[in-house]
Structure formats: structure tokens, C-alpha cells
Amino acid sequence: MLKALGIHNFRGIKEGEIKGLSQVTVFIGKNNSGKSTILEALYLASAAFNPEDHLSPIVRTTYTSKYCQKIVYLITRRHLENAYAEGLWYGYDIEKPIKITLTFSDGKTFSTIYMHDHQQPYVLMNSQKRLFLQITKKGIYKIEYSDIGSVRTAVKVDSSILNEILGNDYEHKVKFLSNIAFVDVLLTRYFRRIERTFWKKILQYRLDRFLVKLIRDGYDVNAEDLTYVPINGGFQLVVKMPTTYVRVDDLGDGVKFSLVLAMIFLTRENTLVLLEDPECHQHPHGLAKTFEALMKLAINRKLQLFITTHSIELLRIISHIAQEQNLDVSIFFLERDENGILHSRRFGIDELNALEELAIDARFLYVM
Amino acid sequence: MTSLLQFKPRENSFIKIARAVDIYLKTIILCEGSRDAEVIKVLCKKLGINLRNTGITDCGGIKELTRIARYIIAISRVSYRLKTVGVLIDTDKDQPDKRFRDFKNALLARKIEITQEYKLNNQNFLLQVGNIKLVVHIAGDLSFNFDSHSFDDYLVKLMILENYKINIEQFRTAKQIISHMQMNIYDLIFKAHNKNIFTAFSKTLKFLNTIKENHR
């Protein structure tokens with residue numbers, strides 16, 4: 001599990017350090033305070049271990065051939081038009097490296113560096129050498145980039161190097177970082193991609209029953225089953241109801257986002273899940289039932305969650321479920337000053353509840 | 001911000017803060033009950049006490065000192081800009097000194113480090129907790145022969161000074177008198193003579209003045 005995060009020269013954050021991360025860490029704060037940047041920083045760091053992410057909804061751009069998938073997503077996710085890579089650098093100062101430092105719960109700390117002319121970030125070794133990695137089914141490989149375009153070769157990495165950087169359990173840590181999922185509301189627009197990626201596994205273990213229950217309990221859809229129906233010469237996923245069916249595509253955005261979240265949680269294990277504003281499109285009932293399910297999955301599947309939110313309802317829901325499930329939760333109120341320095345105030349469920357009892361809204365902590 | 005920001009009811013403070021352009025608090029006053037908070041607000045208005053950048057809230061009538069300590073810890077942990085927290089605690093059935101000692105012990109039991117301590121008078125105390133000054137007022141008028149003493153004692157004192165007809169012996173607490181009289185607190189204070197207010201609320205005014213001094 002990650003315990004601390006340092007960010008240098010990334011997006012709007014010139015410098016920032018967040019200590020005391022928990023299994024569930026929630027970031028709150030005004031707009032432009034750096035919440036999404038923190039999620040993106042974790043995603044960027046993960047690109048040093050696995051540059052590919054088949055989940056990310058990449059729109060084909062001029063950057064697609066130049067950078068790895070995760071970097072392209074970071075460049076384009078905020079700007080579908082006029083995206084530019086320099087926007088990743090604080091003050092567009094591409095001469096300085098972006099540096100993300102991560103600390104695990106065993107105290108092992110390492111940094112990933114991203115330079116403007118690189119396809120992916122690298123892990124900084126003690127000897128100041130650069131280590132570009134890629135994890136495959138066969139193991140962890142070191143990538144050697146050629147000087148020409150995107151030509152690269154991969155060679156099996158010497159385990160002693162990873163041991164030096166990450167410790168004995170490096171394999172676990174590399175998987176933990178590389179399998180990261182970045183879930184934002186954009187994913188609901190790419191539902192088919194999520195469905196294609198996960199459906200086989202979901203059906204194989206009959207996890208579809210979990211999804212049916214979630215639709216029924218959270219969204220009052222009288223769902224009996226999920227199945228495929230031939231439509232327009234192809235097959236589409238539909239929800240079976242007692243007298244009819246409805247295409248998943250035709251469900252409300254809140255239900256679809258909940259299904260996306262559930263599919264990702266059901267198929268990930270021992271990794272990080274980054275949730276950006278998961279309250280989007282959600283009625284409090286659907287939000288509560290979705291998070292009740294997700295937080296149980298997070299415990300069972302050892303997922304470390306990083307959540308940004310503007311919703312006091314979501315904070316209350318998380319706080320309530322965390323108390324029931326005895327789950328460790330940290331809340332950070334973020335502020336970013338005009339010099340790009342990130343300031344954070346950390347508190348837990350007990351403090352949140354105390355503030356609630358005093359009618360002090362945690363989202364307004366900037367006043368005090 | 002020139003007037004006290006009252007956090008309760010939540011809906012009002014939400015709109016006020018959400019719509020404000022430049023709002024920040026240097027002080028929060030923590031009262032036991034909603035009436036105490038209301039009285040403080042009216043007192044400030046009547047006497048022209050300008051507690052700029054101050055918020056006020058209440059513990060919903062809860063008298064447990066451990067609970068109040070929990071609130072203070074939460075406030076001190078999450079705040080960056082607060083300089084002072086004012087705490088208004090009813091004397092209850094104890095003496096003010098004993099009540100203050102118990103409150104201090106409740107803080108210490110929660111591992112709060114108190115670096116300085118001053119006794120301002122027999123009912124007002126000042127504690128330094130980290131970067132925050134804690135101004136503590138143990139409320140109640142001990143000249144009354146009530147079963148327990150509270151902030152409401154001051155209101156009863158004011159009624160007597162304002163020549164309201166009250167048969168005090170019939171009642172065991174000031175709260176019972178106020179309920180019985182069905183008094184509009186706002187009218188009582190606003191129609192009262194200032195000198196009577198100064199007499200009835202002398203200890204509270206010392207508390208508010210200490211908070212004001214710490215604003216500078």
C-alpha cells in the first residue's frame with residue numbers, strides 16, 4: 001500500500017507532498033486545488049512500470065504514435081481539442097523534469113521521472129540511471145528505446161535492480177503500480193470498450209450476478225439478468241426484465257457509471273484504483289448502494305482507493321461504510337497557493353463526524 | 001466579514017459561505033446549546049461588539065466534556081488560520097474551578113498538549129494548545145441557589161435586573177424559569193438597559209473581550 005506521495009513540476013503543482021495515505025483516501029477542496037492532478041500523478045508514476053492501459057479512452061491524436069497510452073490519455077483527457085503535451089509541466093517549463101515520488105507502507109521510497117522527449121516516465125535508480133519498465137504476462141521487462149521514433153526492444157530486467165529500488169517484494173509492488181485503474185466519467189462514453197475488456201472474465205466467474213444485484217438495489221431497475229441480444233447485425237448487452245429488456249446503452253448515465261465502476265472493481269486485485277468525482281450523475285441512493293458494494297470489493301480484493309469528490313453526501317456515505325467495515329480512511333482538504341505549492345490538511349472519519357455535528361461543512365475548510 | 005457567522009442551521013451557513021467571495025475565520029466560539037449561541041450573537045449586536053472573522057456553533061446541548069474535547073481536537077486539527085477557539089461550558093453542579101479542571105483533563109486524556117495556562121478570573125481561563133488559544137468560559141451565576149448552573153443563569157439575572165416578576169424559589173434551574181416565562185431572548189436583551197446587561201453578563205463579556213483581544 002502507498003503511504004506517501006510527492007509531486008514536483010506536474011500540471012498546476014510545483015511542489016506537493018501528501019503523507020498518511022490510507023486504504024481509502026479522499027481528496028476534497030475547491031476547484032483548481034489539485035485534486036485531479038494528484039490522481040494523474042499516480043497514473044503517471046504507474047506509466048513507469050507499465051506504459052499501456054487498454055482501458056483508457058484514448059481519442060486518436062497526433063500524440064498517439066509519439067507517447068505511450070497512459071501519457072496520451074493524460075495529455076488528452078482534459079482537452080479533447082487543442083491538447084498539448086507541454087500542459088503536463090508546471091508553468092509549461094518542459095526543461096525541468098516531472099518527478100513523482102512514492103513511498104510504500106514498508107518505507108521503501110522511489111521516484112519516477114518524466115522528461116519531455118521521452119515516450120514514458122522512468123524509474124530513477126540510486127545510481128541516477130534510468131529504468132524504463134514494462135510488465136507483461138511473462139514478467140518484468142526493461143525497455144531500451146532507440147533514438148529513432150518509437151522503436152524499442154525489451155529485455156528481461158535483472159531482479160537485483162528491482163530489489164534495490166523496491167525491496168524483496170518488488171514483483172508484488174510492480175504489479176500493484178502497473179495494474180492501476182483510472183476511472184473518470186469519460187469512461188461511461190466508452191462502455192462498449194469496458195464491456196469487451198471485462199465481460200469474458202465477469203461471465204467466467206458469474207460476477208454478472210453482482211452487477212444485476214447492483215442495478216436492482218441501487219437503481220430500481222427490475223433486472224433479472226444480463227444477456228446479449230442480436231441488434232442491428234451485432235450483439236448488444238441488455239438487461240432482462242420480467243416482461244421486456246433494455247439495452248445497457250439506453251440506461252441512465254448514473255447506472256452505466258456504476259456498472260463501469262463495478263466491472264473494474266470486480267476484475268482488479270492488489271492495485272490502485274483512482275476515482276475522479278464518482279458522484280457524477282448519481283442520485284444519493286444509487287451512490288450509497290454503489291459505494292456499499294465497491295468498498296466491500298476494495299477490502300476483499302485489496303484495492304487502495306484514491307477518490308476526489310465535491311460531494312458531502314459521498315463523504316458521509318464513505319464515512320458510514322468505513323465505520324461498519326472497520327476500514328481505514330483518510331480525508332485530505334487540499335489548497336494550492338499562487339506559487340503552485342500544494343497544502344493539505346489530513347483528518348479522519350472521527351474528525352469528519354465531529355465537524356458534521358457542529359454543522360461545519362468539510363468542503364468549506366478554506367475559511368478557517 | 002463583520003458579523004458572527006453562525007454555523008447552525010447548516011442550510012443558512014452553507015449559503016452564506018458558498019456565496020461569499022472573501023470569507024475567513026480567525027475564531028470559532030463553541031457553545032453547549034443553541035440558546036447560548038443565540039444569546040452571544042444578540043449580545044454582540046446590542047453592545048456593538050465587533051467580533052470580526054468569528055464563527056459560532058453549538059454542541060447540540062451535549063454537556064459531556066469528553067465530547068466537547070473531541071470537537072476542539074477536530075477543529076484544531078483541520079484549521080490552518082484559526083487563532084482562537086472560545087469554549088463556553090456550563091458550570092453545572094460543580095464549582096467553576098473543578099469544572100475547568102475536568103475539562104482540561106478531558107483534553108489531556110485525548111493527548112492534547114497544553115503549553116500555557118492562565119486564570120483570567122474565577123470563571124474565565126486561557127489555554128495555549130499548539131498554535132491555538134483556547135478561551136474557556138465556565139458559565140453560571142453562583143449567587144443563585146439553583147441545583148445546577150448554566151449560561152441561562154445570566155438571562156435570569158437580567159430579567160431580575162429588568163424587574164421581571166419571577167418567583168425564583170419555585171424553580172430548580174434557570175432553564176426551567178426561561179421555559180416557564182416563554183421569554184423571547186432577542187426582545188429581553190434588546191430592550192434591556194446596557195448597564196443591566198453589563199452586570200448580568202459581566203463574566204461573558206470578559207470572555208468575549210479576551211477573544212477580541214486575541215484577534216489583534
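**A short tour of chain B**

Start by selecting helix α3 (residues 65-78) and helix α4 (residues 96-109) of chain B, which pack at an angle of about 55 degrees with their axes 9 Å apart. Here, axes are lines fitted to C-alpha atoms, for helices over the stretch in contact, and angles run from 0 to 180 degrees between N-to-C directions. Helices (H or I, at least four residues) and strands (E, at least two) are DSSP runs, numbered from the N terminus.

A note before you go on: this is a predicted model, where local features need pLDDT of at least 70 and side-chain atom pairs count only at pLDDT 80 or more, while totals for chains, interfaces and linings use all residues. Residues are numbered from 1 along each chain as its sequence is written, and chains are lettered from A and ligands numbered from 1 in the order in which they are written.

On α3(B), pick B:Leu65, B:Thr66, B:Ala69 and B:Ile72; on α4(B), pick B:Asp102, B:Phe103, B:Ala106 and B:Leu107.

Next, bring in chain A: 15 of its residues are in contact with 21 residues of chain B. Look again at α3(B), which gives five residues, the largest share of the side of chain B that touches chain A.

Finally, select strands β5 (residues 114-121) and β6 (residues 124-129) of chain B, which run antiparallel and are joined by six bridges. Find B:Lys119, whose bridge partner in β6(B) is B:Phe125. Move on to β7 (residues 132-139) of chain B, antiparallel to β6(B) and joined to β6(B) by six bridges. Between β6(B) and β7(B), a hairpin with two residues between the strands, stop at B:Gly130 in the turn, with its positive phi of about 60 degrees.

Terms used. Contact = placed C-beta atoms within 7 Å. Pairing = 2+ DSSP bridges.
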